[in-house]
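Please open the model in a viewer and keep the selection panel at hand.

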Amino acid sequence: MRTLSKILFTTALFGTAVTMAITPAAAQQAAKGSVITVATIGEPPTLDPVGVTADLVSVITQHMFETLYTFDREWKVIPLVASAMPTLSADGKSYTIPLRTGVKFHDGSTMTADDVVASLERWTKVSPRGKTTASVIESITAKNGSVVIALKEPFAPLISLLAMNNGAAAIMPKSVIDGANPVKSFIGTGPYKLLEHKPDQYIRVTRFDGYVSPEGPANGYGGKREAKIEEVRFVPVPNATTRVEGMVAGQYGFADSLPAEMLPRIKGASGVTPVVVKPFGFPLMIMNSKAGTFANQAVRQAVLAALGPSDMLTAAFGDPSFFALEGSIYAPGTNFYDADSAKGYNQNNPKKAADMLKAAGYKNEPVRIMTSMQYDFLYKMSLVAQAQLQQAGFNVDLQVLDWATLIQRRGNEKEWDAFFTYHTFVPEPSLITFVNPSYPGWWDTSEKKAALAKFNTEMDPAKRKALWAEIQKLFYTQVPTIKVGEFYNLAAATAKLKGYVPMPWPFFWNAELAN
Amino acid sequence: MASASPTILLLRQLRRRPVVLAAAAVLGIILAVALLSPWIVPYDPMKMDILNRLKPPVGGHWFGTDEFGRDVLSRVMQGTRLSLLVGFLVVILATALGAVLGLLGGYIRALDGALMRFTDALMAFPDILLAIAFMAALGPSLFNVVLALGVVYTPRVARVVRAATLVLRELPFVEAATALGATTPRIVLRHVLPNLLSPMIVQGTFIFAYAILTEAALSFLGVGVPPTTPTWGNMIAGAQQYFRQADWLILFPGLAIVLTVLSLQMVGDGLRDALDPRLQKVT
Amino acid sequence: MLAYIVRRLGGMLLVMLIVAAVVFMIARVVPGDPAAVMLGAAATPEDIAALRTRMGLDQPLLVQFVIYLKQILSFDLGDSIFLNRPVTQALAERAELTTSLTLMSVGIAVAIGTPIGIISAVYRGRTLDQATVAFAMLAASVPSFWIGLTLIKYLAVDLPWFPVAGYGPPEATFLERLHHLVLPAIALGIPNSALILRFTRTSMLDVLGEDYVRTARAKGLPPKVVILKHALRNAMIPILTVIGLTTAVMIAGAIVTETVFGLPGVGNLIVSAVLRRDYPVIQGALLVVSGLYVLINLAVDLLYAVVDPRVRY
């Protein structure tokens, strides 16, 4: 038996050596106060909220970074880092944004108007949303502690864009921005600051003691913000079942983006409360209007005729209380809802589609539809769509890719005909990705261009509503994209979590953990 | 060294070991399902019926239905066809490549060292890791899985063939043929290769089993056959979300894997015992 | 003896060189510019040009390979595209978990395989023996991810005895970490116990047939003493060999297990890297794991030579 112990000892020694070599020198400091562990859908590609529009990045980074404006619970824009709503010049081409004074960055420095100018300039260069404003913006300057944005022409969506927290116009110190892109350190003005990031394991943010909160009662993302929980810990858990079961077992304090069919499991577990966010978003099948088979509008119309959103949504979400058949891009109850211009939705008519295809001159060319398993519901509805399109006579080549590859590939119009994605609810229509002509799919017909220009330069809310209906009518005649329906997000929180306000991007300031 | 054909030996072995006989029978049924599945499936395996999704196994759908309302039994049957196809093609590829490398190594001294180092290096990668590396480079597809696993299992065949060749070339009947002036290719084809058949069949049976297991693991990890193809591994991977409310989605494809791999290994064992008298004594 | 060790080390170096060559080829087999592939989608043309120069992509393939080898020898495995850190660091951060998981699984595989193997050999040919042989074959036929999912369902979900997934919070104690590894180690250990079981049985059978065991029996020593003292001692060497080999295999088996249980180890890193097209990580992890595999195999061989005087070189 001597030899056995020898071998085991050798193996153990070897193991220990490895262990010792890799244990990080910085010992884990135990959190003094309360900690909430949040199970997210995966590892974010970055912690810089400016460069990407990924929801996951927004969820995490909104605790660290703040924008000039944000949204209240009715999706109205309210000030955050700004001290008040901007004053507009008479021609609608100059915005003066007053700033709050004494706002502190996580590095201890005090925010100045120069920091804001640098941040906004970076946003126009780096952010997919900011880039769309670059052509309208004349200049961004600091003036007496305010920031002045001069425009070439009136641009109604500007303040909503500044309030978005993905592709966000996040305010960072000028010194960080001048360093490099991507930024090397993540210093914001938010109620939490970054403590530690271990990819694929956790991201820890802790209370920022120097935080200066906006005035007024808490309202949606705005108003008073207070970090009552000492530490928020984001843990990537890509497997949805694991998020649910870990939640039930008490491993997590909050779990995001859960399969709707797990609702009974969550309801039945003690100490866990389901959190339903409604409205949340809408799944989309974006078609390539620029090149390939779907560049033919008549073929796209046949797709619209062939698809049956009811089956697609049922397969994706199971529980009917988590989705709604709704063709209007904005759901009932929201400002831009319009049913009349959404005719053509939910036809589920393979025969009609087949006839339309024949008339369109479709010759059984394979249509490449990209989907991803990272978003389980998208994958499932794409499978149903494939079956429905095949029934109508389409030759479907369904390509299952990882999400990162899909994002990469969709940039090249030669590589695909359609892809599945989803869009979170945004209060301002021009923030919707496919409205942007440079977004993959490239919906940029002359009719749409004209309609969008009218919409963006109109400042009167009532007139904008009617102009949006015009765009939606075009959406259902030119069919650049299929809106599959509405869906709601299921999350779960520990029953100890008090004062939590459900919003599409979950946040944890103002919430607290009861003992 | 004119040995009886493996079939006869196997049959003889079977009579002595009823367990192997049972395994062979099970394997036979599995093969039949694989071959006949397009005609004997109770439902179209791809046909969706969203209203009847996640129905437990009761009359009508013996194995229940999946999240699209597709018949799980039909899908497991079609999966049999696909998984066995992958296994079979891997065996063919690995055996062909391995036989060539092994014969070259066994017959051409100058090449032997280099070839064996090469197979050593390939075997320095754990099976699944090398397969993942290939899939990372090639991208997911059924053909690429076959290619990757075929290469992964080539060294096993190469070693067996080389070892057997080294023995065979020294045997009297081969030496006699050489003395009579037969060319090397002729000797290899007429005298050596037929005698390699038995070890290659035994090895092939095991590779078949490993290939099915590894293919399932690759598909489960999402780096194997594209997930829309209903192989067993893909079926289990896709059903993870429902494993609590609909465990039949994981149970049946899993059982199919276990049953197939188990019967393959048992038949492989039986074959080896039948074909290798030395081992038989021990067992 | 020394000559044998030198020869084995030489052989290992050659094998590692070929391993490096295979790993080297991966980023070059992928369609597209290797530098662009290595940097991912977000790379700027300047970044790509800089890496092209560093990798020597305008040079002949052989020169590129030499550059690559030089980098490996200076422990430079490149930078991860997705994780924004050197590959060596990413691997080091995850090595502890995978090491612990492997050791624990080996422990379980040995705990199952050796005693059952001994019993099987002692009761050779009887029902108990046949049952254990059948068990071994069954264990080797079950996919470890299937065992993992089943364990999660029954022992973590239905009965909440073990955590569902993960490696615990950052401040978890050693015991809590071990608790998180129990189910994964079982899922990985069971299939790998089969080989140990069969090997133990075979070598015990060999030894039980030897003269000195028969002599011991004839002397009237109690069977327990004969089996454990005389036979097992001599059967140990081949058993140890197979334990060593199993350890090497398990490092790779951890890839699947870590994915099932959401454990952030090296295996999980490899799978995520494939899904994220993070080629520097794939290459680095491949090189390191294969290197370990080769080293363990070498260590087993050398130990074998040291402890067994009958082995000739």
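This is a predicted model: local features need pLDDT of at least 70, side-chain atom pairs count only at pLDDT 80 or more; totals for chains, interfaces and linings use all residues.

Helix α3 covers residues 72-107 of chain B, and its axis comes within 7 Å of that of α8(B), crossing at roughly 140°. An angle over 145 degrees would count as roughly antiparallel; α3(B) and α8(B) are therefore oblique to each other. The crossing of α3(B) past α8(B) is right-handed.

Which residues of α8(B) meet α10(B)? They are Ser198(B), Ile201(B), Val202(B), Thr205(B), Phe206(B), Phe208(B), Ala209(B), Ile212(B), Leu213(B) and Ala216(B). On the α10(B) side, select Ile257(B), Thr260(B), Val261(B), Leu264(B), Gln265(B), Val267(B), Gly268(B), Leu271(B), Arg272(B) and Leu275(B). The contact of α8(B) with α10(B) has 14 nonpolar, 5 polar and 1 charged residues.

Turn the view to follow both axes. The pair α8(B) and α10(B) packs at an angle of about 165°, with the axes 9 Å apart, which makes α8(B) roughly antiparallel to α10(B). Here α8(B) passes α10(B) in a left-handed crossing.

Next, display chains B and C together. Their contact takes 35 residues from chain B and 37 residues from chain C. On the side of chain B, the elements giving two or more residues are α4 (109-123), α5 (127-138), α8 (184-221) and α10 (248-275). The largest share of that side, 8 residues, comes from α10(B). By class, the side of chain B that touches chain C has 27 nonpolar, 4 polar and 4 charged residues.

Domain 1 of chain C spans 12-73, and domain 2 spans 91-307. Their centres, taken over C-alpha atoms, are separated by 35 Å. In the contact of these domains, 12 residues of domain 1 of chain C meet 11 residues of domain 2 of chain C. On the domain 1 side, α1 (2-29) and α2 (34-39) of chain C are the elements that give two or more residues, and the largest share, 8 residues, comes from α1(C). That side of domain 1 of chain C divides into 11 nonpolar, 1 polar and no charged residues.

Move to chain A and select helix α10, residues 309-317. Of its 9 residues, 8 are buried, so α10(A) is largely enclosed by the rest of the structure. The buried residues are Pro309(A), Asp311(A), Met312(A), Leu313(A), Thr314(A), Ala315(A), Ala316(A) and Phe317(A). Their cover includes β13 (323-324), α12 (376-391) and β18 (486-494) of chain A. Just after α10(A), Gly318(A) takes a positive phi of about 70°.

Finish at Pro461(A), in helix α15 (residues 461-478) of chain A. Is Pro461(A) buried or exposed? Pro461(A) is exposed, with 9 other C-beta atoms within 10 Å.

How values were computed:
Residues are numbered from 1 along each chain as its sequence is written. Chains are lettered from A and ligands numbered from 1 in the order in which they are written. Two residues are in contact if their C-beta atoms, placed from the backbone, lie within 7 Å. Helices (H or I, at least four residues) and strands (E, at least two) are DSSP runs, numbered from the N terminus. Ala, Val, Leu, Ile, Met, Phe, Trp, Tyr, Cys and Pro count as nonpolar, Asp, Glu, Lys and Arg as charged, and the others, Gly among them, as polar. Axes are lines fitted to C-alpha atoms, for helices over the stretch in contact, and angles run from 0 to 180 degrees between N-to-C directions. Angles under 35 degrees count as roughly parallel, over 145 as roughly antiparallel, 65 to 115 as roughly perpendicular and the rest as oblique. A crossing is left-handed if the near helix is turned anticlockwise from the far one by less than a right angle, and right-handed if clockwise. Domain bounds come from an automatic or database domain assignment. A residue is buried if 20 or more other C-beta atoms lie within 10 Å of its own, exposed if 12 or fewer, and partly exposed in between; C-beta atoms are placed from the backbone.
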